[in-house]
Amino acid sequence: MVMDAKPDSHRTTGGAPSARPPKSRINWSWLGVVPFFAFAIMFLILPSLSIFVRSFEGPEGQFTLDNIFAIFHGRDFINAYRTSLTISLITAVSGGIFGFLLAYSVILGGLPSVARSFLLTFSGVASNFAGVPLAFAFVATIGNAGLVTRIIENILNVDIHARGFTIYSIWGLSIVYMYFQFPLMVLIMAPALDGLRREWREACENLGGTELHYWRYVALPILMPTLLGTMILLFGNAFGAYATAYAFSGSFINLITIVIGAQIQGDVLYNPGLGNALALGMIVIMSLSMVGYLTLQRRAARWLR
Amino acid sequence: MAFLEINNVSKTFGKTTAVKDFNLKVEKGELVSFLGPSGCGKTTTLRMVAGFEVPSSGEIIIDGKDVTYEPPNRRPVGMVFQSYALFPNMNVAANIGFGLKIAKRSREEINQRVNEMLELIHMPGYGNRYPHQLSGGQQQRVALARALAMHPEVLLLDEPLSALDAKIRVSLRGEIRSIQRELGITTVYVTHDQEEALSISDRVVVMNNAQIEQIGPPFEIYNFPQTEFVAQFVGTLNAVNAEVVDPKAKILKFEGQQLQTAFSLDKLHSGDKVMIAIRPERLSFASQEKKANILKGKVQNITFLGAVVRIQIGIDSLNFYMDTFNNPYLALPKIGEDVEITCSAEAVLALKERKESQG
Ligand SMILES: Nc1ncnc2c1ncn2[C@@H]1O[C@H](COP(=O)(O)OP(=O)(O)OP(=O)(O)O)[C@@H](O)[C@H]1O
Ligand SMILES: [Mg+2]
């Protein structure tokens with residue numbers, strides 16, 4: 001008989017109260033996170049509050065619901081939200097899937113370690129490559145007069161833009177976004193895949209399981225919290241992107257961020273109240289997706305608690 | 001015919017030979033342990049039985065069926081890993097029932113078997129816990145239950161206790177042994193801890209450098225080691241290079257002192273070198289009456305080990321250890337004192353040099 005075979009609840013319950021209560025001391029360890037909270041309050045909470053307040057302000061500073069109603073009034077704003085959501089979903093899901101597959105082949109595909117560290121470093125760089133340089137790079141390669149476009153035209157005699165394909169579309173922009181979404185996924189999934197232990201696969205095999213059983217019952221459930229977490233990150237990454245899209249297509253593609261930009265700093269469309277209301281809409285959408293994410297996450301990570 | 005047969009198995013990884021000419025027959029219900037230093041090929045051999053490695057040559061037979069090239073998921077083999085390897089995303093019950101679920105057994109059957117297994121490992125009521133909520137010893141018991149739930153014909157354990165602390169290790173190995181006996185399951189147990197191997201095995205396979213040194217019951221391995229390696233690796237030992245004086249009378253000498261052995265020196269000639277070994281507990285101080293097989297030396301050190309007192313005696317340049325049972329009235333010599341020690345001729349083991357290939 002082994003002692004620790006018994007439930008160890010008796011260790012925590014029914015213990016006699018100790019004669020001397022522990023000395024109450026001030027716990028200073030929270031001091032370490034003060035800078036973080038200060039930062040969060042100054043650059044996250046206060047701006048959000050300001051957006052909230054000013055969404056309900058008219059041009060003269062009076063309270064009004066006009067800005068909110070305006071969002072639902074014209075089609076344009078709803079469409080802009082829809083476009084942004086579509087691109088974010090497309091790039092989060094496909095970036096997630098392809099990034100996962102690439103990370104899988106990098107980590108578990110028996111790649112030589114040189115190639116592996118090169119790919120990870122490259123992913124680190126690429127995931128931060130956004131904004132004007134990225135947009136320009138794409139225009140210069142597969143834009144209407146891009147290098148690759150020309151080469152294909154000259155060699156294969158095919159005009160890739162002839163059949164209605166244009167990079168100045170939701171799909172085109174999605175491809176551009178994929179350029180940073182996909183490496184970001186690789187970057188986050190690689191260590192998670194590294195964390196899968198060989199013994200789990202072998203234990204599964206030993207118990208009669210196949211590769212499919214392993215992925216279905218063991219590996220994917222273990223990775224799920226990370227997968228979901230990364231997808232929501234990709235989603236937010238795309239949803240809030242502005243500079244890349246603006247540099248890429250100007251206001252050709254009506255993303256909600258571009259529309260807001262026009263309201264806040266535009267010469268023609270200047271209406272900061274409406275801009276704030278639209279931004280509030282973004283915050284609401286992001287909050288809703290966070291709630292959805294947290295619900296899923298709680299289920300996926302049940303075993304971690 | 002033996003239940004598990006490992007016939008002439010060798011395994012090479014590139015230029016390293018991990019296992020060479022491994023031959024072993026394990027009877028049904030027997031517990032055999034592989035004992036040897038790190039890197040000697042214990043795990044590799046075990047993994048070949050489990051199917052995670054394919055032998056470079058030779059064959060593995062379980063219950064008369066050649067399984068050498070069968071994939072792991074089609075072998076009737078249960079495995080317990082050193083690092084527990086429980087699925088962290090499943091609770092204890094799901095871990096134990098995993099194999100049965102894969103095999104599409106009914107839910108009642110799975111539940112029943114899981115409960116049986118929890119009883120077996122003395123952890124009823126733990127079904128809903130997750131692995132990270134268990135101690136190392138508990139996790140390893142669950143791993144054992146998981147491996148046994150499928151009714152495997154052979155159970156393999158790869159250093160199952162080496163990650164646990166000393167106390168749990170001792171109690172859990174007793175538990176593993178009693179479960180193994182209760183189920184009568186043929187078992188191979190890998191360890192580098194000689195005490196563990198000697199205490200739980202029916203037979204011990206001592207390995208070194210990818211090869212088997214000796215196979216035998218613990219008693220035989222300890223008392224009659226056949227090679228220098230086995231003698232050195234299992235237990236403490238006084239080993240010296242001696243010279244044959246008279247092969248017929250079995251007289252040897254070293255450092256100018258003569259000693260008689262009970263082991264045959266027939267194949268040797270006067271003047272040949274031979275390695276001899278004496279266990280510390282076989283030595284004692286020479287008494288007045290008994291004057292045979294005497295070695296003269298000087299006490300160098302005395303160490304108190306609890307039940308045993310270990311006395312280090314210098315015989316010229318050599319150090320001998322002598323163990324005597326502790327008792328409160330023990331009359332111990334002083335350090336620096338000249339003493340005479342003795343042992344029976346049976347205690348003087350003549351060892352073989354390590355042979356290059358062993359059948
Ligand atoms: N997959 C592999 N590739 C290359 N060499 C290997 C591989 N597996 C084992 N080896 C080598 O084979 C030899 C035997 O290894 P093995 O793991 O069987 O030793 P072991 O007796 O289990 O040691 P330990 O007690 O440290 O676990 C070692 O030299 C090891 O480096
Ligand atoms: Mg090993």
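Predicted model: local features only at pLDDT ≥ 70, side-chain atom pairs only at ≥ 80, totals over all residues.
Is Tyr84(B) buried or exposed at 13% relative accessibility? Residues are numbered from 1 along each chain as its sequence is written, chains are lettered from A and ligands numbered from 1 in the order in which they are written, and side-chain values use heavy atoms, with hydrogens and water left out.

Back to the tyrosine. Tyr84(B) counts as buried, at 13% relative accessibility; buried means under 20% relative accessible area, exposed over 50%, and partly exposed in between, with a 1.4 Å probe and protein chains only. You will find Tyr84(B) in the loop between strand E6 (77-80) and helix H2 (92-102) of chain B. Helices (H or I, at least four residues) and strands (E, at least two) are DSSP runs, numbered from the N terminus. Phi of Tyr84(B) is positive, about 65°, although the residue is not a glycine. Most residues other than glycine have a negative phi.

Asp63(B) also has a positive phi, near 50°. Asp63(B) is partly exposed, with a relative accessible area of 47%, and sits in the loop between E4 and E5 of chain B.

In chain B, four strands make an open sheet in the order E2-E1-E4-E5, with antiparallel pairing; two strands pair if DSSP finds at least two bridges between them. Strand E2 (16-26) and strand E5 (65-66) of chain B are at the edges, each with a single partner strand, so one side of each has no neighbour in the sheet. Strand E4 (residues 57-62) of chain B is joined to E5(B) by two bridges, and Ile61(B) has Asp66(B) in E5(B) as its bridge partner. Packed on this sheet is helix H1 (residues 42-50) of chain B, which touches strand E1 (4-13), E2 and E4 of chain B, its direction making about 120° with that of E1(B).

Now over to chain A, and its helices. Helix H4 (residues 75-108) and helix H10 (residues 211-239) of chain A have axes that come within 9 Å and cross at roughly 135°. Axes are lines fitted to C-alpha atoms, for helices over the stretch in contact, and angles run from 0 to 180 degrees between N-to-C directions. That makes H4(A) oblique to H10(A): angles under 35 degrees count as roughly parallel, over 145 as roughly antiparallel, 65 to 115 as roughly perpendicular, and the rest as oblique.

By class, the contact of H4(A) with H10(A) has 16 nonpolar, five polar and one charged residues. Here Ala, Val, Leu, Ile, Met, Phe, Trp, Tyr, Cys and Pro count as nonpolar, Asp, Glu, Lys and Arg as charged, and the others, Gly among them, as polar.

Let's zoom in on one residue of helix H4 of chain A, Ala92(A). Ala92(A) counts as buried, at 4% relative accessibility. Which residues is Ala92(A) in contact with, leaving aside neighbours within four places in sequence? They are Gln181(A), Met231(A), Leu234(A) and Phe235(A), where contact means heavy atoms within 4.5 Å.
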